[in-house]
Amino acid sequence: MTDFNTLALKPALLASVETLGYGAMTPIQAQSLPAMLEGRDVIAQAQTGSGKTAAFGLSLLQSLSVETIRLQALVLCPTRELADQVSKAIRKLAANIPNVKLLTLCGGMPLGPQLASLTHDPHIVVGTPGRVQEHLKRGSLHGGGIKVLVLDEADRMLDMGFSEAIDDIVGRIAKHHQTLLFSATYPDDIREASRRMQRNPVEIIIEAPVDTKPAIEQQFIDVEPARKLDALAQLLTGERGQHALVFCNMRRDVDAVAEELDRRGFSALALHGDMEQRDRDEVLVQFANRSCAVLIATDVAARGLDITALPLVISYDVAHDPDTHTHRIGRTGRAGQTGLAITLCTPREKPKAENIEQILGRPLPWHPLKVSSPRGKTLNLAPMKTLVIDAGRQDKLRPGDILGALTGDAGLKADDVGKIDVFATRAYVAITRSLANKALERLRAGKIKGRNLRVRALH
Ligand code: AMP
């Protein structure tokens, strides 16, 4: 049954659902609400538009006791925009319950008014991790009565470097609480966070419709050695080349291919075992935060890469053995999207391709490619650009401080700020490429966390 009436919801909540015109429950609601209403921890794979906000909103409102003037539900979101949306949605659901006090507490907003509105604890707080942590630390917010903790878009929060802030928050709130974790993707760090923070959670995965099931399309392309680079550049042109991984069998080819692609106007970087740790970190950061569109790597070096759902993986050389080939193509086609795995094969490499064919147990999908000669420089730049700040965890710099400086003084929208990585002594932030110079100038002119810090752009 997907009718809201089948749930033991307060009449006031059923009335709101009706006013909002929700006919039936969405799949995520039908699957998660019964468990959530029982008080179970839930980890749910849910995208925007799935109806997840109403799912956790209804659940936390159901367990709320308005007469108790204490903070009872805390919702953490990655950005102010999302926190505002979630607050609005919960307010609508709470419309028929008198006197529910909900407060939105986000970074990048002045602290004074927030402190003023915290003279009495609200029932519900929706906010970004950095600012909520600050209030809990200051004692302007009390977490001892929290019954429900919601992590919304948890994958994005971890991407933005909020992991430590969230752990600290969990350490400052009531020990026994229900944790509801929503995430569009399930990378290892989300599973790890769930293991740390949840007790025997009910796991909900909404199966993607059959035609969007993960699939890897393989293509083998016959190419003369002299035309390999032109073929590669041609394959990388366009949308799929915006986030692609290219494997070479040898280190020296990794460098040569990266340099040539860079010369031809691609945001391309090399990754191999000979590089200094710091340089490797910077390359991995830039590829993960979308400042580098094409990463050229050896198989060994690519192990350090925790990204799997790439739209395009290219073997510049046929892998020496079928196992390595399988590993390479496994980097694409996850998270409900079709991935393309292309292998370039010169006549001399045919025997290695035949090995792979044997393991595959069916004919290799050969595709003709008419390689055209390069005409001038094609611009194929990554959507983001990375700024480096010469301060990090040792300086108590947190992602929220950087986001705050960018959206506050520097005047950027949160949507133009990408992944934030804070290392011990340095921090990296991805900015929409067209705004990166402006952000750099403003950050240099202004202050981060009250200090003048050195900032520069990565190539
Ligand atoms: P969300 O995934 O939480 O961002 O919600 C997406 C949209 O779906 C919002 O505009 C909700 O108001 C709407 N919505 C949530 N639940 C339902 C439902 N059961 N029926 C129809 N619309 C819904």
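**Salt bridges up close**

A: Happy to! A network of salt bridges links Arg-227, Asp-230, Glu-260, Arg-263 and Arg-264. Here a salt bridge is a side-chain nitrogen of Lys or Arg within 4 Å of a carboxyl oxygen of Asp or Glu. The model is predicted, so local features need pLDDT of at least 70 and side-chain atom pairs count only at pLDDT 80 or more, while totals for chains, interfaces and linings use all residues. Residues are numbered from 1 along each chain as its sequence is written, and side-chain values use heavy atoms, leaving out hydrogens and water.

Arg-264 is buried because its relative accessible area is 15%, and Glu-260 counts as buried because it has 16%. Buried means under 20% relative accessible area, exposed over 50%, and partly exposed in between (1.4 Å probe, protein chains only). The structure holds 26 salt bridges.

Another bridge joins Lys-228 and Glu-349 at 3.4 Å, N to O. This pair links distant parts of the chain, 121 residues apart: Lys-228 is in helix α10 (residues 228–236), and Glu-349 is in the loop between β13 (338–345) and α15. Helices (H or I, at least four residues) and strands (E, at least two) are DSSP runs numbered from the N terminus. Lys-228 and Glu-349 are both buried.

Arg-195 counts as exposed because its relative accessibility is 58%, whereas Glu-192 is partly exposed because it has 33%. Side chains of opposite charge can pair when their charged atoms come close.

Asp-159, Asp-188, Asp-189 and Asp-306 form a negative surface patch. Patches take residues with over 30% relative accessible area and no salt bridge, joining like charges within 9 Å and nonpolar side chains (Val, Leu, Ile, Met, Phe, Trp, Tyr) within 5 Å. Asp-306 lies in the loop between α13 (299–302) and β12 (312–315), and counts as exposed because its relative accessibility is 67%.

Technical notes: Accessible areas come from the Shrake-Rupley method with a 1.4 Å probe; for residues, only the protein chains shown count as cover. Lys and Arg count as positive and Asp and Glu as negative; His and the chain ends are not counted. The place of a charge is taken as NZ of Lys, CZ of Arg, CG of Asp or CD of Glu.
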